[in-house]
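Subject: Structure handover and notes

Hello,

Here is the structure I said I would pass on. My notes on it follow below.

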Amino acid sequence: MKKRVVITGEGSISPLGLNSQSLWDNLVNGISGIDYISNFDTENFSVKIAGEVKNFEPNDFFDSKDIRKLDRFTMFGLIAAEQALKNAKFESSECGVIVGTGVGGMHTLEDEHKKLIKKGQRGVSPFYVPKMIPNIAGGQIAIKHNLLGLNFSMSTACSSATDAIGMAYRLISSGYSKAILCGGAEGSITPLTLSGFSNMKALSKNNENPQGASRPFDKDRDGFILSEGAGMLMLEEFEEATKRNANIIGEIIGYGITNDAFHITQPDNQSIGASNAINMALDSADVSKSKVDYINAHGTSTYFNDMLETQAIKKVFGDKANNISISSTKSMTGHLLGAAGAIEAIACINAINSGLIPPTINYNSPDPECDLDYTPNEVVKKDINISMSNSFGFGGHNSVIIFKKFSS
């Protein structure tokens, strides 16, 4: 028998703040976290803007000994994980960890490569490998909090965090695990990463207007904004959560995952994989299409993604698509890559509990190919019982999670 999976805690660090309350307050107020890159000189770069975590000082969270051993993405993961555990008041060691990341320890990789070129082998830190490998965020979280359950890393590009949450949901609903801390972490605003995405022509070059550069579904969109941060959720089996009188803030009821098998970066031009993932999530949730109140779109602000995601939603929901509230919070956060799905899951949970749809800001020029209700520019009040989060990644990954307002 399928077990219920509930959410008992959340935590985040993002371009919109050092915790989830700040994230949510800024989202509903339409505040952008995008600005000029401050961590390295961008004079010779065509893209000069990103969604950096502001006012982040590692010394505020870690001692100097730990900082030497932690990449930026792991620091973010540790911060979000601790918040989620405290929010959930969860103290048992019987807990798994699943952390998604799209890129992993890029700061460490680039720093240590410079040392290798300059000083040779002896210049490379012995901490290099355990600082940069993608699974280390989950490993460090487990070590810090003595979490003895399953522990693995998801790397499915921009679907990574959504898949981490989705897999945790499946493992708990099937009875394999009772509790899993899950989400995503990314800290890859580096010269090499920025150059790679920029040379693919994936990033917005609207350097003159950082806060207005991420324009999902807008006719004048010209690419996404590279961002960083982490989001984590505490998932528990319903009966176990009620035994300890946990404060339940939401429920996951469905998850769908497919692959386009089409192109290394471009989505399938018929939206087959994306629409199949949405249908799979709806089927696993046993929910009628008419019951979906809000969709947090992948909505990257790139031409193909926004157009084809719109197409996928229309394919699945038909005429109902015109009545669903949709928004892309990436218009404010930018694209956190492997952490994006976790930040957007937190947005879905808060939307349900507050009755507020966060807007898609910078929506000024309607695109005939993107003609649904994207909640333009202003927050909207609405009773929300069921929300859906879409995540689509390079390599053809399509991942969809469905959340429901909790009721006993």
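A crossing of two helices is called right-handed if the near helix is turned clockwise from the far one by less than a right angle, and left-handed if anticlockwise. That convention is needed for the first item. Please keep in mind throughout that this is a predicted model.

Helix pairs

Helix α10, residues 272-285, packs on helix α11, residues 303-317, with the two axes 8 Å apart and an angle of about 45° between them. Angles under 35 degrees count as roughly parallel and those of 65 to 115 as roughly perpendicular, so α10 is oblique to α11. By the convention above, α10 passes α11 in a right-handed crossing. On the α10 side the contact involves Ile272, Ala274, Ser275, Ile278, Asn279 and Leu282, and these meet Ala312, Lys315, Val316 and Phe317 of α11. By type, the residues of this contact are seven nonpolar, two polar and one charged.

The second pair is α7 with helix α13, the latter spanning residues 340-354; their axes come within 5 Å and cross at roughly 65°. From α7 the contact takes Ala161, Thr162 and Ile165, and from α13 it takes Gly341, Ala342 and Ala345. Four of the residues in the contact of α7 with α13 are nonpolar, two are polar and none is charged.

Salt bridges

The search over the whole structure returned 13 salt bridges. A few of them are described here.

Arg4 and Glu251 are joined through their side chains, with 2.9 Å from N to O. Arg4 sits in the segment before β1 and Glu251 in strand β8 (residues 250-259), so this pair ties together parts that are 247 residues apart in sequence. The two partners fall into separate accessibility classes: Arg4 is partly exposed at a relative accessible area of 26%, while Glu251 is buried at 7%.

Lys178 pairs with Glu240, and here the closest N and O atoms are 4.0 Å apart. Lys178 belongs to the loop between α7 and β6, and Glu240 belongs to helix α9 (residues 238-243), so the bridge connects parts 62 residues apart in sequence. Lys178 has a relative accessible area of 47% and is partly exposed. Glu240 also counts as partly exposed, at 25% relative accessibility.

Arg244 and Glu236 form a salt bridge with an N to O distance of 2.5 Å. Arg244 is partly exposed at 29% relative accessibility, whereas Glu236 is buried at 2%.

There is also a network of salt bridges, which links Glu82, Lys86 and Lys144.

Helix α6 and what follows it

Helix α6 covers residues 136-145, and its buried residues are Ile136, Ala137, Gly138, Gln140, Ile141 and Ala142.

Most residues other than glycine have a negative phi. Asn146 lies in the loop between α6 and β5 and is partly exposed, with a relative accessible area of 46%.

Asn245 is a further case of a residue that is not a glycine but has a positive phi, of about 55°. Asn245 is found in the loop between α9 and β8. With a relative accessible area of 70%, Asn245 is exposed.

Met200

Met200 is in the loop between α8 (191-199) and β7 and counts as partly exposed, at 41% relative accessibility. Leaving aside residues up to four places away in sequence, Met200 touches Thr265 and Phe394. Met200 and Thr265 are 65 residues apart in sequence, and their C-alpha atoms are 9.5 Å apart in space.

Regards

Definitions and conventions: Residues are numbered from 1 along each chain as its sequence is written. This is a predicted model: local features need pLDDT of at least 70, side-chain atom pairs count only at pLDDT 80 or more; totals for chains, interfaces and linings use all residues. Side-chain values use heavy atoms; hydrogens and water are left out. Helices (H or I, at least four residues) and strands (E, at least two) are DSSP runs, numbered from the N terminus. Buried means under 20% relative accessible area, exposed over 50%, partly exposed in between (1.4 Å probe, protein chains only). Axes are lines fitted to C-alpha atoms, for helices over the stretch in contact, and angles run from 0 to 180 degrees between N-to-C directions. Angles under 35 degrees count as roughly parallel, over 145 as roughly antiparallel, 65 to 115 as roughly perpendicular and the rest as oblique. Contact means heavy atoms within 4.5 Å. Ala, Val, Leu, Ile, Met, Phe, Trp, Tyr, Cys and Pro count as nonpolar, Asp, Glu, Lys and Arg as charged, and the others, Gly among them, as polar.
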